[in-house]
Amino acid sequence: MNLRHRGKVRDLYDLDGDLLLVASDRLSIYDVVLPTPVPDKGAVLTQLSVWWFEQLTDLVPNHLISATDVPAEFAGRALRCRRLEMLPVECIARGYLAGLGLQEYRRSGAVSGVTLPPGLVEGSKLPEPIFTPTTKAPVGEHDEFLTFVEVAEEIGRERAERLRELTLAVYARGAETAAANGILVADTKLEFGLDPAGEIVLADEVLTPDSSRFWPAEDWQPGRPQFSFDKQYVRDWSSTLDWDRTPPGPELPPDVVDVTRGRYLEVYRRITGRTWPATRYHP
C-alpha cells in the first residue's frame, strides 16, 4: 500500500483503486498532535463512525465501502472508502455555545457571521442550530472561521447552500438520536467531498468524540464548563500547563490517558448501546 497522506489522527492509503482511511490512537488539541497515544481511540472513532453512517444513509450518501474488507493489521480501525474530491471547508453545526464559538461570540456577538442574541453564556442552548464553517488548516496550523458568503465565494452559492443544509440535517439527526440516550451534542464538525457525478458525499468521520462535543444531559448547566465525553478533558488539562498551544505538544500523564480513554468508551456505549470489548489496555 502507498501512504497517500498523514493527517492529525488518520492515515490515508491507496488500496486497490479505493482509499483506506486508518484511524490512529493519536490525539490532537488546538490543531497540535500530542506525543502520547490513547489506546483504543482509533478503533472507537472508526466503529462509532460506521454506526452513524448507517443511521444517516437516508439523509446523505457517504464514502464507506466496507469496514471489514481491510488489511488485517488495521482491522477494527480502518475504512475502505470511495475516492472523492474533498471540499475545502470544515462544516460545523452548533446547537450550544462552547469552545471557539463561545470565544468568537464574546468578541463579536456572532459566530461565522451568524449574529446571536445578547446575554448567552458558556453552555447556552442556541435558539436554533447554526452553520459555522471554518477553513481546513494543515497540521500544526489553526482553522479560521468562515462566513457563509466566504464559503459561497469559494465553492459556489448552490453548493454552499447544500453543505449548510446537509450539515444541519446531520446535526439534527445526531442530536435527536444522542438525546434519546442522554447525550447532548453541543456541536459537530463534518467533512464532505464530491463523487465523479458531482454529488456531495459525507466523508471522513461523523459524530465522534474527536469531531463533536458530547455532554451528559443530566449534568448540563449553562454558565459553566460542561462535563464532556470527548477530548475537552485534555484541552482543560492542558490549560493548567505553561504551554502556548504550538508544537510540540505536552506528554499526557497516565491518569489523563486513562480518563480520556474511559470517556471515549463510555460515550460509544451510551450512543450505540454496545459495550466496548475487552482489550489489551490495562491502566
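Gln226 sits in the loop between strand 15 (212–216) and helix 5 (232–238). Helices (H or I, at least four residues) and strands (E, at least two) are DSSP runs, numbered from the N terminus. This is a predicted model, where local features need pLDDT of at least 70, side-chain atom pairs count only at pLDDT 80 or more, and totals for chains, interfaces and linings use all residues. Residues are numbered from 1 along each chain as its sequence is written, and side-chain values use heavy atoms, with hydrogens and water left out.

**Around Gln226**

- Is Gln226 buried or exposed? Gln226 counts as buried because its relative accessibility is 10%. Buried means under 20% relative accessible area, exposed over 50%, and partly exposed in between (1.4 Å probe, protein chains only).
- The Gln226 side chain reaches the backbone oxygen of Gln221, at 2.8 Å.
- Leaving aside residues up to four places away in sequence, Gln226 touches Glu122, Gly123, Trp215, Asp219, Trp220 and Gln221. Contact here means heavy atoms within 4.5 Å.

**The cavity**

- Rolling a probe the size of a water molecule over the atoms shows where empty space is left.
- On a 1 Å grid over the protein atoms alone, a cavity is a set of points where a 1.4 Å probe fits but cannot get out; lining residues have an atom within 4 Å of a point. Grid points are joined across faces, edges and corners, and a volume is the space filled by probe spheres set on the points.
- How many cavities of 30 Å³ or more are there? The count comes to one.
- The largest cavity has a volume of about 40 Å³.
- Its lining is made up of Arg10, Leu21, Ala23, Leu45, Thr46, Ser49, Leu79, Asp204 and Glu205.
- Strand 3 (18–23) and helix 1 (41–55) each supply at least two residues of this lining. Helix 1 gives the most, with three residues.
- By class, the lining has four nonpolar, two polar and three charged residues. Ala, Val, Leu, Ile, Met, Phe, Trp, Tyr, Cys and Pro count as nonpolar; Asp, Glu, Lys and Arg count as charged; the others, Gly among them, count as polar.

**Cysteines**

- A disulfide is a covalent bond between the sulfur atoms of two cysteines. The search rule asks for a pair of cysteine sulfur atoms within 2.5 Å.
- How many disulfides does a search of the whole structure find? The search finds zero.
- Cys81 is buried, with a relative accessible area of 3%. Cys91 is buried too, at 1%.

- Most residues other than glycine have a negative phi, and most peptide bonds are trans.
- The peptide bond from Pro247 to Pro248 is cis, with omega near 0°. Pro248 lies in the loop between helix 5 and helix 6 (254–272).
- Asp16 is not a glycine, yet its phi is positive, near 50°. Asp16 belongs to the loop between strand 2 (10–15) and strand 3. Asp16 counts as exposed because its relative accessibility is 69%.
- Asp204 also has a positive phi, of about 65°, although it is not a glycine. Asp204 is in the loop between strand 14 (200–203) and strand 15. Asp204 is buried, with a relative accessible area of 18%. Asp204 is also one of the residues lining the largest cavity.

- Arg261 lies in helix 6. Arg261 is buried, with a relative accessible area of 11%. Its side chain makes a polar contact with the side chain of Asp40 (2.7 Å).
- Arg261 and Lys231 are 30 residues apart in sequence and 9.4 Å apart in space, C-alpha to C-alpha.
- Arg107 is placed in helix 2 (residues 99–108). Arg107 is exposed, with a relative accessible area of 61%. Its side chain makes a polar contact with the side chain of Glu104 (2.7 Å).

Methods: A polar contact is a pair of N or O atoms within 3.5 Å; within protein, one must be able to donate a hydrogen and the other to accept it, and residues adjacent in sequence count only if both atoms are side-chain atoms. On a 1 Å grid over the protein atoms alone, a cavity is a set of points where a 1.4 Å probe fits but cannot get out, and a pocket is an open set with protein on both sides within 12 Å along at least five of seven lines; lining residues have an atom within 4 Å of a point.
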